Amino acid sequence: MAVAVSRDLTVQVLEDVNAVKLADRQQALKAAIQKGEPKSLGVSQVMLGLMVMSYSIPLHCIPQTTEVVNLGVPWWSGLVFITAGVVALILDKKCSLKILQLCLMVSALSLVVSVVAVIIYSVDMNKHPEVPCTIDSHAHSCSEQHYVSKLSKGLKSSLLLFTLAQLVISSIICFLLFRQRRNFGLYTSLTDATQRDSYAVITPPTAPDN
């Protein structure tokens, strides 16, 4: 806000150009972030996290225990996915520099966790392949170990697909937020300039004495 004082001591409040630019810039950044659909991506991350955790429950009920179960990969990865989705939903509601940076850090963490989880799933499935079917002469069917290993492989394959989907979503969010962070840096600089100039007083030049 700029204030002009005339010769007759009349005070005029002038429109601050920085304030107008600040408001326009903030609206443009908010529109740019919402264009990336953070709400849809956030809901997808929450759903993937819940699906990863729910699909891992049968793995704890079968007698075959592997590295995925022992390390609790679906649980901590699912919690990270849900947290990243919740922060993305908050960003869609309240667009600010702090929330953007928080969402970027959580999304980067989710990206790293997804890569680690994919590696563990791949190693586990390669280390514990499906047991071939051997016909039991008494029951005339495959052994119980075959069905257990088949169920375990199917669940882990689903968990791997869900984690790969989360990997893609986290990569997209990190790319979009990293691209917008520079714009928010310009927004912060403009905010500081507005605060410095908010109390500027413009006085007219005095007439020379005759």
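Predicted model: local features only at pLDDT ≥ 70, side-chain atom pairs only at ≥ 80, totals over all residues.
**Exercise 1. In which kind of crossing, left-handed or right-handed, does H4 pass H5?**

Residues are numbered from 1 along each chain as its sequence is written, and side-chain values use heavy atoms, with hydrogens and water left out.

*Solution.* 
- Helices are DSSP runs of H or I with at least four residues, numbered from the N terminus.
- A crossing is left-handed if the near helix is turned anticlockwise from the far one by less than a right angle, and right-handed if clockwise.
- H4 passes H5 in a left-handed crossing.

**Exercise 2. Sort the residues of the contact of H4 with H5.**

*Solution.* 
- Nonpolar means Ala, Val, Leu, Ile, Met, Phe, Trp, Tyr, Cys and Pro; charged means Asp, Glu, Lys and Arg; the others, Gly among them, are polar.
- The contact has 21 nonpolar residues, 4 polar and no charged.

**Exercise 3. Is Thr66 buried or exposed, and what does Thr66 touch?**

*Solution.* 
- Find Thr66 in the loop between H2 and H3.
- Apply the cut-offs: buried is under 20% relative accessible area, exposed over 50%, partly exposed in between (1.4 Å probe, protein chains only).
- Thr66 has 1% relative accessibility, so Thr66 counts as buried.
- Contact means heavy atoms within 4.5 Å.
- Leaving out residues up to four places away in sequence, Thr66 touches Asp124, His128 and Lys156.

**Exercise 4. Which residues does Leu177 touch?**

*Solution.* 
- Again, leave out residues up to four places away in sequence.
- Leu177 then touches Leu91, Leu100, Cys103 and Leu104.

Note on methods:
Helix = DSSP H or I, 4+ residues; strand = E, 2+ residues; numbered from the N terminus.
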